[in-house]
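The following paragraphs lead through selected features of one structure. Please keep the sequence and the model in view while reading.

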Amino acid sequence: MSINFRKVAVIGTGFVGSSSAFALMQSSLFSEMVLVDVMKEKAEGEAMDINHGAALCNPMNIYAGDYADIKDAAIIVLTAGANQKPGETRLDLLKKNISIHSSIMAEIRKQNCEGILIVVANPVDVLTLYAQKYSGMPENRVFGSGTVLDTARLRYLIGNRLDVDARSVHAYVIGEHGDSEIVTWSNANVSGVPLSDFFALRGMQGIGDLEASQKDIADDVKNAAYKIIEKKHATYYGIAASVVRLCRAVLKDEKCVLPISTCLHGEYGISEVSLSVPAIVGRNGIEELVPVLLSEQERDDLLKSANILKKSLENLDI
């Protein structure tokens with residue numbers, strides 16, 4: 001079966017899935033969207049609700065379906081899984097969501113899908129590794145949303161601190177989408193100007209000011225989800241925007257560089273664990289990993305992040 005490049009499938013219609021579906025409707029990237037959920041009525045209700053909004057901005061064929069309906073989708077967005085609760089880490093979700101994804105992978109494998117699978121559910125790094133191994137799809141066509149959202153949070157906070165458009169900020173969060181994530185301060189810049197110089201330009205003099213600001217920003221990025229969950233019990237708008245960004249990169253064959261989650265095979269001295277590093281993303285999924293220069297401390301921290309993720313795999317059959 002040929003791929004329908006105007007079709008997207010969303011598996012899971014909880015907060016993240018339904019928000020992603022709504023954002024995808026508004027994006028004008030697709031003309032057809034199927035929603036799949038173990039609770040069929042929930043998917044039907046979301047399809048109805050989003051269709052009513054589509055009539056005002058982007059007419060689409062949006063419907064609730066089953067796994068047979070995903071086989072020709074250009075992109076499958078996998079959001080299904082238990083929600084992160086207040087005080088719970090992403091890795092705390094592991095056993096619950098591995099169990100859920102075991103049955104989902106079996107269903108995806110039956111369809112012989114030829115599109116791209118984007119894993120969004122948490123813990124995204126472990127579930128991405130699981131999907132790359134058990135979806136039956138080539139590794140390059142399966143990746144996780146990784147630290148795309150963390151990087152967006154980082155750029156927003158830097159831009160806010162410096163009173164400059166966040167889109168002019170170039171910096172990455174890499175490693176685990178979680179507590180061991182790393183901000184690559186060593187190569188952060190604003191439109192090519194090193195961050196230290198830009199801080200000085202904006203009147204924030206002194207290395208002490210810079211280091212304090214960097215620590216505050218990194219902590220705010222790492223703790224953002226916890227703070228949002230504490231206040232409103234779930235996060236979904238930011239990740240929905242990240243899903244649209246990833247879908248656009250694939251569908252438009254942008255070949256842009258984004259920090260997505262994928263299994264490493266020796267890069268940065270890391271193997272057999274999935275985490276986020278910058279990669280070229282296009283129509284075929286992951287085209288190539290980009291070997292960004294890291295400081296010695298950042299490289300050490302990345303290895304520590306990989307080891308934390310590896311430890312979480314010890315009691316799992318992956």
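A residue counts as buried when its relative accessible area is under 20%, and as exposed when that area is over 50%. The model discussed here is predicted, and these two cut-offs apply to the residues treated next.

Tyr268 lies in the loop that joins β12 (256-265) to β13 (271-282). Although Tyr268 is not a glycine, its phi is positive, at about 60°. Is this residue buried or exposed? Because its relative accessibility is 12%, Tyr268 counts as buried.

A second residue with a positive phi is His233, which is likewise not a glycine and has a value near 75°. His233 belongs to the loop between α7 (207-232) and α8 (237-251). With a relative accessible area of 54%, His233 is exposed.

Another backbone feature concerns a peptide bond. The bond from Asn122 to Pro123 is cis, and its omega is near -5°. Pro123 is placed in the loop between β5 (116-119) and α4 (124-134).

The last topic is a sheet. Strands of a sheet pair through backbone hydrogen bonds, in either a parallel or an antiparallel sense. Strand β10, formed by residues 189-190, is joined to β11 over 2 bridges in the antiparallel sense. Within this part of the sheet, Val190 stands opposite Val193 of β11.

Methods:
Residues are numbered from 1 along each chain as its sequence is written. This is a predicted model: local features need pLDDT of at least 70, side-chain atom pairs count only at pLDDT 80 or more; totals for chains, interfaces and linings use all residues. Side-chain values use heavy atoms; hydrogens and water are left out. Two strands pair if DSSP finds at least two bridges between them. Helices (H or I, at least four residues) and strands (E, at least two) are DSSP runs, numbered from the N terminus. Buried means under 20% relative accessible area, exposed over 50%, partly exposed in between (1.4 Å probe, protein chains only).
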